[in-house]
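Here is a short report on selected local features of one model.

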There are 2 protein chains.
Amino acid sequence: MKNKLGKQTLQFPFLPRIVGSYSIVGEKEGKGPMAKWFDMILEEDTFGEKTWEKAESKMLKQAMLQALQKSGREKDEIDTVLSGDLINQIMSSSFMARDLSIPFLGIYGACSTMTESMIMGSMMIDGGYASNILVGASSHYCTAERQFRMPLEHGNHRPPSAQWTSTASGAMVLSADDKGDTAVKQGKNQPQGQKLREVYLSHATIGKILDTGIKDPNQMGAAMAPAAVDTIVRHLSDMERSPEFYDIILSGDLGMIGRDIALDLLSGRGINLNGIFNDCGAMMYDKKQDTHSGGSGCGCSASIFCSYVYDEMRTGKINNALLISTGALLSTISSQQGESIPGIAHAVAVTTKGVI
Amino acid sequence: MKNKLGKQTLQFPFLPRIVGSYSIVGEKEGKGPMAKWFDMILEEDTFGEKTWEKAESKMLKQAMLQALQKSGREKDEIDTVLSGDLINQIMSSSFMARDLSIPFLGIYGACSTMTESMIMGSMMIDGGYASNILVGASSHYCTAERQFRMPLEHGNHRPPSAQWTSTASGAMVLSADDKGDTAVKQGKNQPQGQKLREVYLSHATIGKILDTGIKDPNQMGAAMAPAAVDTIVRHLSDMERSPEFYDIILSGDLGMIGRDIALDLLSGRGINLNGIFNDCGAMMYDKKQDTHSGGSGCGCSASIFCSYVYDEMRTGKINNALLISTGALLSTISSQQGESIPGIAHAVAVTTKGVI
């Protein structure tokens with residue numbers, strides 16, 4: 001198997017490139033510590049639509065179209081859109097893809113969806129099946145709350161371990177050739193005229209479902225941390241890399257509690273990630289924003305990767321990043337039927353270097 | 001792009017092989033005209049479980065494990081499982097994959113899920129990212145009815161255009177090498193000692209979402225037929241093939257009404273598929289079984305392809321097949337919010353010949 005390193009780590013020898021990316025977040029996320037990185041912050045979370053579901057689909061469509069514009073490509077140059085979200089039957093993605101009128105492959109990995117879309121998109125580019133692929137993911141606090149928990153009007157209390165589903169979408173164009181992303185050159189965080197680096201997807205580690213028996217949907221970080229740890233350990237082992245190879249190892253979204261559990265579990269296996277490791281859910285909000293354990297939702301790691309990480313790679317402040325999006329594969333029915341919460345985590349290695 | 005023929009048609013030059021397949025259906029499906037082809041027919045649709053959701057997940061797991069056994073491979077030789085279903089957050093697939101403990105990529109394409117899994121699995125094998133992949137899809141009448149329509153206890157009337165969600169699962173092993181499927185050699189429909197052919201996936205056409213504005217969820221065939229027609233037309237055009245190249249062109253699941261609409265639309269574009277074209281939904285039940293327009297659900301085309309079509313290809317009665325699984329990308333929320341029903345259709349070309 002020419003492109004397979006370990007059992008679950010794949011290599012992309014032709015280095016699919018990220019040639020445009022875009023992030024949109026809601027009001028609350030736009031008041032958090034990551035605000036300066038996002039391309040667009042909504043003034044109000046309905047985005048001018050009559051329902052939150054339509055608002056989420058519009059956010060995702062906007063992210064896709066803007067990523068496309070930054071890539072310098074035309075819509076008819078895109079071979080396939082890969083996308084997913086948390087809403088039943090991935091409604092936000094389906095209606096986004098209907099409006100774009102580009103061939104569509106729907107995916108679902110709960111909050112791991114962004115890396116799942118990047119893995120599948122990279123295989124399509126690297127394997128020679130496509131020239132340009134749009135990938136993305138989204139979530140919305142209001143659509144997720146009423147589907148998975150309680151109507152917002154109910155105003156129920158949340159325990160300290162609960163996470164806050166981010167209102168956020170992220171999208172990017174993956175491409176077989178390197179033209180693109182002119183818009184970032186005028187990005188608000190980069191000085192004019194600065195030489196920017198190309199960003200490539202080099203490897204991916206597909207996640208295995210781990211279920212440690214946690215049944216409390218307010219303990220998602222704890223439910224997902226073992227899967228994140230398993231994927232990180234397998235990735236480093238398959239790649240024969242020490243953690244220091246990476247400038248940043250970023251999970252998404254374990255939240256504050258899950259991040260600490262993951263660090264503990266890793267240290268128990270002799271792996272010290274202090275100073276390298278962070279979590280998109282833990283980064284998204286200020287403590288004073290009262291989200292308890294931090295952010296979650298497909299859009300959380302999608303929007304942070306498509307803004308902060310990508311921009312820092314373009315300017316060379318980050319040269320090697322490992323993104324591990326984590327998903328809690330529960331549904332309201334599985335919880336009601338007494339099932340525990342299976343966790344999954346997929347990793348992608350992203351680099352600014354042209355050799356692997 | 002070496003592996004891309006047209007805008008949406010992909011070529012698999014290394015010819016991923018189907019080395020084992022298995023189908024399970026429910027009681028009602030086991031009394032229909034396709035009964036003799038299925039590997040297993042349930043005596044009752046709970047499959048010994050306390051809930052229908054657990055029953056559906058068990059059916060899918062059984063199909064995966066039995067396909068694996070027929071392939072002659074061990075579980076740890078499987079690189080990834082690709083699977084999806086209709087239940088919110090693809091619960092049947094997630095819990096199946098948790099129990100199998102194999103790396104998992106979840107997908108969602110409504111009733112087009114089986115071909116979506118075959119396309120992604122074929123890219124993983126053909127692109128050199130995997131040696132063996134398990135793909136599959138499932139549906140269950142009782143889980144789908146209560147999620148999408150009414151509690152069964154409600155006993156509501158169904159209009160004549162309604163389709164019946166099949167209780168069915170299908171799974172197969174795709175492989176980079178050709179050893180496998182010894183079990184079929186003792187299959188109930190093949191004479192002992194008969195020389196069997198190898199079955200390959202040669203091409204795939206990824207579907208575009210088409211929405212003609214139909215809002216009635218009891219008119220799914222009509223909502224999906226234009227997408228099926230679009231995919232068939234693009235496939236034949238990209239491949240420069242006439243319909244007669246195929247021994248069978250099989251959609252799934254337009255049902256009786258959708259099949260006739262598709263034939264009409266095709267004939268309006270100068271394409272005559274009479275005698276070649278059929279639909280898995282239209283084939284699944286007898287008229288006297290009172291399912292109105294026929295079967296639907298991810299498991300319908302999955303189980304018919306994994307039994308009848310695959311077995312007829314093994315014995316050489318079918319040498320070239322085009323399977324077009326069709327999906328209606330609605331959710332209960334999208335219907336309640338007045339949205340129309342987007343349709344999608346993905347096609348895979350399957351052949352017994354080693355050259356393409």
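## Helix H6 of chain A

In H6(A), five residues named here are buried: A:Gly255, A:Gly258, A:Ala262, A:Leu263 and A:Leu266. Buried means under 20% relative accessible area, exposed over 50%, and partly exposed in between (1.4 Å probe, protein chains only). An α-helix has 3.6 residues a turn, so residues three or four places apart point the same way. On the other side of H6(A), A:Asp264 and A:Gly268 are exposed. The cover over the buried residues of H6(A) includes helix H5 (220–239), strand S11 (277–279) and helix H7 (280–284) of chain A. Contact here means heavy atoms within 4.5 Å.

H6(A) runs over residues 255–268. At 1.5 Å a residue, its 14 residues should span 20 Å, and its end C-alpha atoms are 20 Å apart, which agrees. The expected span is 1.5 Å times one less than the number of residues. Just after H6(A), A:Gly270 takes a positive phi of about 80 degrees.

## Basis of the model

This is a predicted model: local features need pLDDT of at least 70, side-chain atom pairs count only at pLDDT 80 or more, and totals for chains, interfaces and linings use all residues. Residues are numbered from 1 along each chain as its sequence is written, chains are lettered from A and ligands numbered from 1 in the order in which they are written, and side-chain values use heavy atoms, with hydrogens and water left out. Helices (H or I, at least four residues) and strands (E, at least two) are DSSP runs, numbered from the N terminus.

## Strand S8 of chain A

S8(A) covers residues 168–175, and eight of its eight residues are buried. One side holds A:Ala168, A:Gly170, A:Met172 and A:Leu174. The other holds A:Ser169, A:Ala171, A:Val173 and A:Ser175.

Strand S2 (residues 17–25) of chain A pairs with S8(A) in the antiparallel sense over eight bridges. Pairing requires at least two DSSP bridges between two strands. A:Tyr22 stands opposite A:Ala171. Strand S6 (residues 132–139) of chain A also pairs with S8(A), antiparallel, over eight bridges. There, A:Asn132 stands opposite A:Ser175.

## Cysteines

How many disulfides does a search of the whole structure find? Zero, over all chains. A disulfide is a pair of cysteine sulfur atoms within 2.5 Å. For B:Cys300, the nearest cysteine sulfur is that of B:Cys280, 5.6 Å away. B:Cys300 is buried, with a relative accessible area of 0%.
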